[in-house]
Amino acid sequence: NHVDPNYIMGANIFNFGANDQTNVVMTGDFGSFSNSVSVSVLAAGSDTTVETTEALTLSTGLYEGDYTSVSDQETSGASTFANNLYERNFEITTDIYSQDGIGVHPAGYDDLTSLGTSSFTDGSDGLVLATLYHVKQAQDVSGLRVMLTSTGNTAGGEIIASLKDTAAFWAGDMTNIVEASTYTVTQNDVDNGYVDIFFDQVVNAPAGVYYAAVELYSFGNSSDIRVLDDRTVAQPVDASAIYIPGMQSYTNGTAIAIRLLVGNGWGVGVDENAIEGVSIFPNPTEGIITITNNNNDQNTIVVYDVIGKVVSTQVVNNATTIDLSSNGTGIYLVEVSNSNGKTVERVVVK
């Protein structure tokens, strides 16, 4: 919902050789679309930016691009041609809006670091990390996904997830437009490498610019929280930001890995107790869930994955179990309905 109709396809090309290069052509190829742009002369020791604007209608999926530069003097057969190549990936998604490209960048291109409660003096409790999002049309937001480092995180820290007004943020006002209940980081979150924090209800965010923010508490660094920071692709100066309690807001200029969980398919605010005699457990689970049936009624059970795809359907008159382990870890919605109503519960498979 927030992609642009026009994209700039281009590159900065540097001639670090001793000779001028003539008829320099840069080609960007993403498979389903490609284009070339050229410059007649690139002097020795100079650089230039070549680019073209493309009007694109992009469907959901991963786009893997190859950029190649050639000239009259340097063709694909040259011994030094490897530095004429560059890869760049991006993804169009439906349910997660991400500034960072973790898991999307070409292999070997990632430049990742982290920020958190152990990064700054006076930042152990109340540090705010924020990532900028342009919401181009009204959008339902269910919560935030916070990408955690594999080391440096200790269960027991607390996170308050929120959406913030950008102007207020830069004025040092950390008032939230909406916030989630305080979340305590578990060992399972640390092992998974991320934590999903949901608002109490789905929020419809009007078109505008927001900071997706997390306020971190480590209790004097006893339970530190560190969030991945993606530096692979250069970002605008305010693409992410930091607020240190008692000090001020600072630009970060990278892609702190705080993502928007968009849409209403995450099960936020669902009625989990609409009908009596039905319970769903355990939650979280390793894959096996049990649905009780104490009402002697016929239950229709439908399980959806996070993007709304049906992964299991059955009609039963008694208690039953469902094995979701083959569908992978993640969040599933389990819907049980009968003549008395419907119950929907969000179940986490870990």
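This report describes pockets, charges and backbone geometry in a predicted model.

## Basis of the model

Residues are numbered from 1 along each chain as its sequence is written, and side-chain values use heavy atoms, with hydrogens and water left out. Because the model is predicted, local features need pLDDT of at least 70 and side-chain atom pairs count only at pLDDT 80 or more, whereas totals for chains, interfaces and linings use all residues.

## Pocket and cavity

The second largest pocket holds about 540 Å³ of space, and of the 23 residues that line this pocket, Y183, D189, D196, F198 and V348 are the closest to its centre. Two or more lining residues come from each of α2 (187-192), β14 (194-205), β26 (330-338) and β27 (341-349), with β14 giving the largest share, six residues. Helices (H or I, at least four residues) and strands (E, at least two) are DSSP runs, numbered from the N terminus.

A search of the whole structure finds one cavity of 30 Å³ or more; the largest cavity contains about 40 Å³ of space, and its lining includes Y86, E87, R88 and H105. On a 1 Å grid over the protein atoms alone, a cavity is a set of points where a 1.4 Å probe fits but cannot get out, while a pocket is an open set with protein on both sides within 12 Å along at least five of seven lines, and lining residues have an atom within 4 Å of a point.

## Charged side chains

Four salt bridges are counted, each a side-chain nitrogen of Lys or Arg within 4 Å of a carboxyl oxygen of Asp or Glu. One joins the side chains of D4 and K136 (2.2 Å, N to O), and this pair links distant parts of the chain, 132 residues apart, with D4 in the segment before β1 (6-14) and K136 in the loop between β9 (125-135) and β10 (139-147).

On the surface, D29, E64, D66 and E87 gather in a patch of negative charge, in which like charges are joined within 9 Å and each residue has over 30% relative accessible area and no salt bridge. E64 belongs to strand β5 (residues 61-70).

## Backbone geometry

Most residues other than glycine have a negative phi, and most peptide bonds are trans.

Phi is positive, near 70 degrees, at D122, which is in the loop between β8 (112-116) and β9.

Methods:
Patches are made of residues with over 30% relative accessible area and no salt bridge: like charges are joined within 9 Å, nonpolar side chains (Val, Leu, Ile, Met, Phe, Trp, Tyr) within 5 Å. Accessible areas come from the Shrake-Rupley method with a 1.4 Å probe; for residues, only the protein chains shown count as cover. Lys and Arg count as positive and Asp and Glu as negative; His and the chain ends are not counted. The place of a charge is taken as NZ of Lys, CZ of Arg, CG of Asp or CD of Glu. Grid points are joined across faces, edges and corners, and a volume is the space filled by probe spheres set on the points.
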